[in-house]
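Here is a short note to read alongside the model.

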Amino acid sequence: MMRSVEMRKAWKCLGVLALCAASQLAALSAHAEVIAGRVVKVADGDTITVLDLANTLHKIRLAGIDAPEKKQAFGNASRLSLAQLVAGQAVRVETDKVDRYGRSVGVVLVSGVDVNRTQLERGMAWWYRAYAREQSPADQAAYSRAEDDARSARRGLWVDKEPIAPWDWRRSARHGVQLEFDAAGHGHGVQKQGS
């Protein structure tokens with residue numbers, strides 16, 4: 001008798017867990033969106049603007065990567081690399097998030113090729129590990145491998161012995177430390193005047 005009561009409780013608990021899981025999957029898929037259109041602007045190495053078929057502009061932040069800032073070493077090279085991949089191209093953006101700047105965050109595909117990962121392979125961005133939990137395990141592995149391969153081959157920004165990650169660059173700018181680069185592209189911090 002005791003066992004059947006415990007079994008009913010266990011099945012009830014499993015049923016509740018299954019309902020919770022199903023509702024979370026439904027919520028995720030309800031937010032998933034595909035934006036299809038043509039790239040009309042490349043702002044930097046991880047931000048583009050897409051014009052869809054309804055003539056609506058969408059600012060897109062490439063998910064899973066962080067490219068050098070414009071004033072940072074390799075900032076312009078990263079932007080040019082992304083432009084070479086997507087400027088004027090028809091793209092498909094798989095997105096399920098909007099960032100605090102109102103940009104859709106997603107994976108950009110050109111003819112089925114993951115442009116975000118291509119930026120990593122070229123050494124034009126870092127894998128943004130802080131947001132890895134938002135990626136599938138397969139994408140986490142692929143993005144990590146792409147960055148590791150570029151670093152090992154010293155492609156792009158990895159030619160520098162100690163490249164400064166964009167998140168560190170932004171943090172230093174907020175805290176009054178200006179990062180400057182010598183002729184070889186090596187960065188060092190300089191206290192800003194008046195700070």
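1. Terms for burial first. Buried means under 20% relative accessible area, exposed means over 50%, and partly exposed lies in between (1.4 Å probe, protein chains only). This is a predicted model: local features need pLDDT of at least 70, side-chain atom pairs count only at pLDDT 80 or more, and totals for chains, interfaces and linings use all residues. Residues are numbered from 1 along each chain as its sequence is written, and side-chain values use heavy atoms, with hydrogens and water left out.

2. Overall make-up. The chain has five helices and 10 strands. Helices (H or I, at least four residues) and strands (E, at least two) are DSSP runs, numbered from the N terminus. Of the 195 residues, 38% count as buried. Contact means heavy atoms within 4.5 Å. Among contacts between residues at least 6 apart in sequence, 56% join residues at least 24 apart.

3. Salt bridges. The whole structure holds 11 of them. The criterion is a side-chain nitrogen of Lys or Arg within 4 Å of a carboxyl oxygen of Asp or Glu. Arginine 61 pairs with aspartate 46 in this way, with the closest N and O atoms 3.5 Å apart. Arginine 61 sits in strand E3 (residues 57-62) and aspartate 46 in the loop between strand E1 (33-44) and strand E2 (47-52), so the pair ties together parts that are 15 residues apart in sequence. Both arginine 61 and aspartate 46 are buried.

4. A second bridge joins arginine 129 to glutamate 147, at 3.1 Å from N to O. This pair links distant parts of the chain: arginine 129 is in the loop between strand E8 (126-127) and helix H4 (137-153), while glutamate 147 is in helix H4, 18 residues apart. Glutamate 147 is buried, at 0%.

5. Helix H5 (residues 166-174) contains both aspartate 168 and arginine 171, three residues apart, about one turn of the helix. The two form a salt bridge, with the closest N and O atoms 2.9 Å apart. Aspartate 168 is partly exposed, with a relative accessible area of 31%. Arginine 171 is partly exposed too, at 39%. Elsewhere, salt bridges that share partners join Asp46, Arg61, Asp66, Glu69 and Arg170 into one network.

6. The buried residues of H5 are Pro166, Trp169 and Ser172. They cover an arc of only 125° around the axis, which puts them on the same side of H5. The arc is that of the directions from the helix axis to the C-beta atoms.

7. Threonine 49 lies in strand E2. Threonine 49 is buried, with a relative accessible area of 10%. Leaving aside neighbours within four places in sequence, its contacts are Arg38, Val39, Val40, Lys41, Leu57, His58 and Lys59.

8. The largest pocket. On a 1 Å grid over the protein atoms alone, a pocket is an open set of points where a 1.4 Å probe fits, with protein on both sides within 12 Å along at least five of seven lines; lining residues have an atom within 4 Å of a point. Of the 34 residues that line the largest pocket, the closest to its centre are Arg61, Leu62, Ala63, Lys97 and Val105. E5 gives the most to the lining, with four residues.
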